[in-house]
Amino acid sequence: MLAGCTPWPEEFARRYREAGLWLDVPLGELPRQWAREYGTATAVVSGQERLSYVELDEKIDRMAGGLAGHGLVRGDRAVVQMTNESTFLIVCFALFRLGVTPVFSLPAHRDVEVIHLIETSGAVAYVIPDVRLGYDYRLLASRVAIPRRTVRTVFVAGDVGEYAEFVSLSTVGEEPTGLPEIDAEEVAFFLLSGGTTGLPKLIPRTHADYFYQLRSAARLCELDRDTVYLAVLPMEFNYCLGCPGVLGTLHHGGRAVLALSPSPDGCFPLIERERVTMSSLVPTIAHAWVEAREWSDADLSSLEVVQIGSAKLHESLARKITPMLGCRLQQVFGMSEGLMSYVRRGDPEDAVLHTQGQPLSEFDELRVVDPETGEDVPRGECGELWARGPYTIRGYYNAPEHNAVAFTEDGFYRSGDLIRQTERGDMVVAGRIKDVINRGGDKVSATEVEGYLQGEEGIRQAAVVAMPDEVLGEKTCAFVIADGKAPTGLQLRSSWRAKGIADFKIPDRVELVDALPLTGLGKLDKTRLRADIAAKLREEAG
Ligand code: AMP
């Protein structure tokens, strides 16, 4: 396995192979199988473009040939930051065929995040769109991909504009020669962690583990050729990519419709036109869709199921999904590191509304433990979820110190999520111990934001916590000890944007304080800060 990655111990790998979970099929092979099986059926709808399975496979081959012609070789890494469009899929599968490992950067990432990803992965290529939703990614690339970093080529989906040194993907394409043999147990791509200790860690996912995940998720969700899946969240998100998402849909001969933005204005007409049957949303987007339903008379009658996950779904919203969107609600809980959990069709209403269901695989091993002692808590009580299994990683890339904390010696991933299990065995996410703010599904590392704040002139100390928010579930509140020169919230916004920090990390609220509360042990008391801001918000709401 790639140096810097932790393989599954051989005894586990053998078990997964022998049980037929891990197959000797690298992901780059899948579009060939699909083309043979589903031929001219439409695979992907992206804007005005409609690609059949055969066309998709051909485009991937030509892209692989072209990227190889630009010097990409097996073992290289490429940061891929694309919006939802067919080029994302074509480039990714081309990279899989070449044995080049994509590192998925979110469309919302800016200089700080992209530089971090380039530097930690040693990427030699950076793939971007030209301008999407008003943002010029070429400008970003011109700042982040300078020669002293490893990047040799910036590939642009669209027009290179004034950047003659960039390569437009529309000019890239030739018949591939001598594609390498790919080992299915090698790393296929890197997802990003929610980042508990600063900038995101790289999550190495292998061909075999991911193919198993998407196959099992697709089976659980009963996908077939009639499935029309609307990709609303960025495809770089595990949840939209393979849970079962776009890849699960394609594996069963369905159609993946790619939305550039999650707004009801864009998505409802797509649902109506393409007769979409399924989508995956975060609660914030589900909320916007439900609200839009009040005034929109779009025909959503084709929708059969909407998955909701990535952040806590409150009962009040859960109850509105079926009456307002006219489809089944399926709660999903999971993490890019692996473990996924789903409510199944036919589960009792109580489980549908109040739980996040049961693990995807019978090979998933779960423990719910007291995080202080590591002892299992009795069934029904709340504890930290630890997970191990055929698609749950054994370590982050090149992060031995962090891995020593994030994984147990026997390979369980300490999720940092607090859950309890109902009598039936369904999981209920009750909170978390990791220091992350879940801003409507976008994960914000408190430590990272505290670091930026402490770098500001006039700020002596900062503590960042989650505060409740009706729409996003949680927002970021920064408690700050400052002298007279401290920036206002508005100044922070403009200066952080100028520094190239992703927008969703900018504190939603800044509270100036004289001192930060400490626990009896002298540690920063974030529980108290969370309670303080929640009380203040209640007071303000009257
Ligand atoms: P990500 O790796 O970005 O998918 O984030 C995974 C984290 O999102 C989990 O560890 C949880 O903290 C949170 N999460 C995912 N699904 C849910 C859910 N249904 N309810 C509450 N939190 C969730």
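Helices (H or I, at least four residues) and strands (E, at least two) are DSSP runs, numbered from the N terminus. This is a predicted model, in which local features need pLDDT of at least 70 and side-chain atom pairs count only at pLDDT 80 or more, while totals for chains, interfaces and linings use all residues. Residues are numbered from 1 along each chain as its sequence is written, and side-chain values use heavy atoms, with hydrogens and water left out.

**View 1. Arg509 in strand E27.**
Arg509 lies in strand E27, which covers residues 509–512. Buried means under 20% relative accessible area, exposed over 50%, and partly exposed in between (1.4 Å probe, protein chains only). Arg509 counts as buried because its relative accessibility is 18%. Contact means heavy atoms within 4.5 Å. Apart from neighbours within four places in sequence, Arg509 is in contact with Met467, Thr476, Cys477, Ala478, Ile533, Lys536, Leu537 and Glu540.

**View 2. The whole chain.**
The chain holds 17 helices and 27 strands. Its radius of gyration is 23 Å, close to the 24 Å that the globule rule gives for 542 residues, so the chain is as compact as a globular protein of that length. The radius is taken over C-alpha atoms, and the globule rule is 2.2 Å times the number of residues to the power 0.38. Along the principal axes, the C-alpha atoms fill a box of roughly 65 × 55 × 55 Å. Of the 542 residues, 60% count as buried. Among contacts between residues at least 6 apart in sequence, 68% join residues at least 24 apart.

**View 3. Surface and charge of the chain.**
The accessible surface comes to about 22200 Å², and 49% of this belongs to carbon and sulfur atoms. Accessible areas come from the Shrake-Rupley method with a 1.4 Å probe; for residues, only the protein chains shown count as cover. There are 58 positive and 78 negative side chains, and the centres of the two sets lie 1 Å apart. Lys and Arg count as positive and Asp and Glu as negative, with His and the chain ends not counted. A charge is placed at NZ of Lys, CZ of Arg, CG of Asp or CD of Glu.

**View 4. Strands E3 and E4.**
Two strands pair if DSSP finds at least two bridges between them. Strand E3 (residues 77–80) runs parallel to E4, and 4 bridges join the two. Ala78 stands opposite Pro102 in E4. From strand E4 (residues 101–104), Thr101 and Val103 point one way, Pro102 and Phe104 point the other way, and all are buried.

**View 5. Strand E20 between its partners.**
In strand E20 (residues 383–388), 6 of the 6 residues are buried. Strand E19 (residues 365–369) runs antiparallel to E20 and is joined to it by 5 bridges. Trp386 in E20 is the bridge partner of Arg367. E20 is also joined by 4 bridges to strand E21 (residues 413–421), and this pair runs antiparallel. Here Glu384 has Leu418 in E21 as its bridge partner.

Helix H5 (residues 111–121) is mostly covered, with 8 of its 11 residues buried. The buried residues are Asp111, Glu113, Val114, Ile115, His116, Leu117, Ile118 and Ser121.

Most residues other than glycine have a negative phi, and most peptide bonds are trans. A cis peptide bond joins Cys243 and Pro244, with omega about 5 degrees. Pro244 sits in the loop between helix H8 (238–242) and helix H9 (245–251). Arg275, a residue other than glycine, has a positive phi near 55 degrees. The loop that holds Arg275 runs between helix H10 (264–274) and strand E14 (278–281), and Arg275 is partly exposed, with a relative accessible area of 38%. Ser310 is not a glycine either, yet has a positive phi of about 85 degrees. Ser310 lies in the loop between strand E15 (305–308) and helix H12 (315–325), and at 24% relative accessibility Ser310 counts as partly exposed.

**View 6. The loop at Asp483.**
Asp483 lies in the loop between strand E26 (473–482) and helix H16 (489–499). With a relative accessible area of 36%, Asp483 is partly exposed. Val131 is 352 residues from Asp483 along the chain, and their C-alpha atoms are separated by 40 Å.
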